[in-house]
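Student: Could we go through this model together, starting with the fold and ending at the chain contacts?

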Amino acid sequence: MTTYIIRRILQAIPTIIGVTIITFIIIQLAPGDPVQILTFQPGMTSEDRERLRHELCLDRPVVSQYLIWVFGDWTGECEQKGLVRGDFGESFRSRRPVLQMFMERIPATLQLTTFAFLIGGFIGLLLGIISAVYRGLAIDNVSRFFSVVFDALPPFWFGILLIMFFSVQLGWLPVGGRLPINVDEPTIIDRIRHLIMPSIVLGVSWIALMSRYMRAETLEVINQDYIRTAHAKGLRRTTVYLKHVARNALIPIVTILGPAITALVGGAVIIERIFSWPGIGRMTVDAVSQRDIPVVMASTIIGAILVILGNLLSDILLVIVDPRIRFD
Amino acid sequence: MTESRTNKPASLNAALAYDDQFEDMEDSKSFSFWRVAFNRILKDRLTMVAITILSIILVASLMAEVINSSLGVDPFDTNLLESLEPPSRTHLLGTDTLGQDQFARLLVAGRISMAISFFGSVFTLVIGITIGMMAAFFGGIVDDIIMWVINTLSSIPALFLLLIVGAIFQISPFWLTVLFAILGWPFIARLVRSNVYSIREREYILASIALGGSSFYTMFRHIMPNVIPIVIIATARTVGNLMLAEAGLSFLGFGVQPPTPTWGNMLTEAQQYIVRSDARHLIVAPGVMITITVLCMFIIGDGLRDALDPRLKK
């Protein structure tokens, strides 16, 4: 198994290199000269610009620029440590290190996605099991109907509808943001009130996906001989379903962990925008509209690395939780 | 017939019964795979409802000009004196902030949203099938390189790439369609490739090669027809997903730009009036259109799956 895990990790490396190449190419193709953007002020002479260009290593051949961007400058002429050492450059707008900006925003995004993950995962799994146990009955049909509808529901529209109803109409929940702006010491209640709507909207697509998978897997397990044995032993129905069925049906679920992370990363961008959630997603959208290229590049690369890690994690977890699978 | 049969020896009766059996089969014998699938869809009530609703929306969008002129409204006609009007006889779904008729705009927007997702899917299919077949056909180093590109492209969250490209190059609806295809083909290519690999191991492929069929002939005569149904199933979902992606991108302000209406950018404009109770109709209508259309596409996708590949039905 160790060989398999090591091989899988090594296989991720070319993919990460590919991601950096694609991002670099897109930015190279973009119209506009970064030096012009940086020095957009009247006092600058063209010598200053050339010096800056040299300092940023932008006067070199494209391939060399790419290598410096990824691995840092080995000649010591320009101050770039490279992506491999966590140097994503400086933001064009705020002139601060991009990595530092990310570090400030990560907790907010993590909080939102974790909550969404918990809500979606818990409700989704439960609905899936219930659907399978009561297959063909009204509750199964209702749950399957909603899982398709929630799939088709555009998350941003669902978010707007929730705001319209719960914030504007009823005034129960805040319109957006992570914390109340007029309170110095926000209580835990305040925090939760701000979290409810965004995490539900983000979690809904999860409920749909999880319940569908869980239903299919549960149906598969329910017909196995050991479940009949468990029933025959006289175990209570709840014990059989929660202990014998659910645990075995959960095994293949780890395979959707990777795609799920992709969905959360993408979904967070739109949700954070609607609810003015101060996370990475909103920062990315803002950076895109301000053409803050270093921030945009960093978001893309970090997003891709998260997805690659998610896929890697679900592959490895599958081998660990299901000893029947052996790849090597 | 039965009467005359009883008079005949038992063996002849058996022979006639044997013939009858074939008489019954003659009808079903001529049914091709596609005909059988088509009959299955006709019997699937939910799918038929979805197809009907989608057709109505499609036809209404395609005939937008005719419908709008018969109602006496113009989607681009602004009238500030009539802004934010609630639904009425003249304006079936009310007006937006510029006094433009929302019903007329929804129809025109529907045409653009649907065109982008339908043609986006067609381009995705063409690229995906070609590259997927190439990977499986050539194998070796070509396969390795194609798989590397597929893995790389599918690990970058598509929304990020769309955002970057959308912001850097102000894109027209046509280029947005092309962009969707460029980002979407890896999924189809992977599907095609893995299915070609598994079909290639079947006995009838071995038979085709043993009978002297060239690999090119075998590929297009025997493998490709078996891959097509799987691809069609995936396509119905792709259309729905692209519609959601277009709406999401336009909503963020990086997709199709106003004044060209799409269901997504109509929502963006409406969102600004979220606190006003007289602008509710602007928020509800475009979202309902997106949801219904995407829902129909997903249901049709499920129906196609059941009809074309009953083994996948759970």
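What follows is a short chat about this predicted model.

Student: How much of chain A counts as buried?
Tutor: Buried here takes 20 or more other C-beta atoms within 10 Å of a residue's own. Apply that to the 328 residues of chain A and you get 33%.

Student: What span should α6(A) have, and what do its ends say?
Tutor: The expected span is 1.5 Å times one less than the number of residues. α6(A) has 15 residues, so it should span 21 Å. Its end C-alpha atoms agree, being apart by 21 Å.

Student: Which elements do the buried residues of α6(A) pack against?
Tutor: Those buried residues are Ser143(A), Ser147(A), Phe150(A), Asp151(A) and Ala152(A). Within chain A they pack against α5 (98–133) and α8, and in chain B against α11 (215–252) and α13 (280–308).

Student: Which element gives the most to the side of chain A that touches chain B?
Tutor: The contact involves 39 residues of chain A and 34 residues of chain B. Elements giving two or more residues to chain A's side include α1 (2–29), α6 (138–152) and α8 (188–222). With seven residues, the one that gives the most is α13(A).

Student: And by class, how many residues on that side are nonpolar?
Tutor: Set aside nine polar and three charged residues on the side of chain A that touches chain B. The nonpolar residues there number 27.

Technical notes: Residues are numbered from 1 along each chain as its sequence is written. Chains are lettered from A and ligands numbered from 1 in the order in which they are written. This is a predicted model: local features need pLDDT of at least 70, side-chain atom pairs count only at pLDDT 80 or more; totals for chains, interfaces and linings use all residues. Two residues are in contact if their C-beta atoms, placed from the backbone, lie within 7 Å. Helices (H or I, at least four residues) and strands (E, at least two) are DSSP runs, numbered from the N terminus. Ala, Val, Leu, Ile, Met, Phe, Trp, Tyr, Cys and Pro count as nonpolar, Asp, Glu, Lys and Arg as charged, and the others, Gly among them, as polar. A residue is buried if 20 or more other C-beta atoms lie within 10 Å of its own, exposed if 12 or fewer, and partly exposed in between; C-beta atoms are placed from the backbone.
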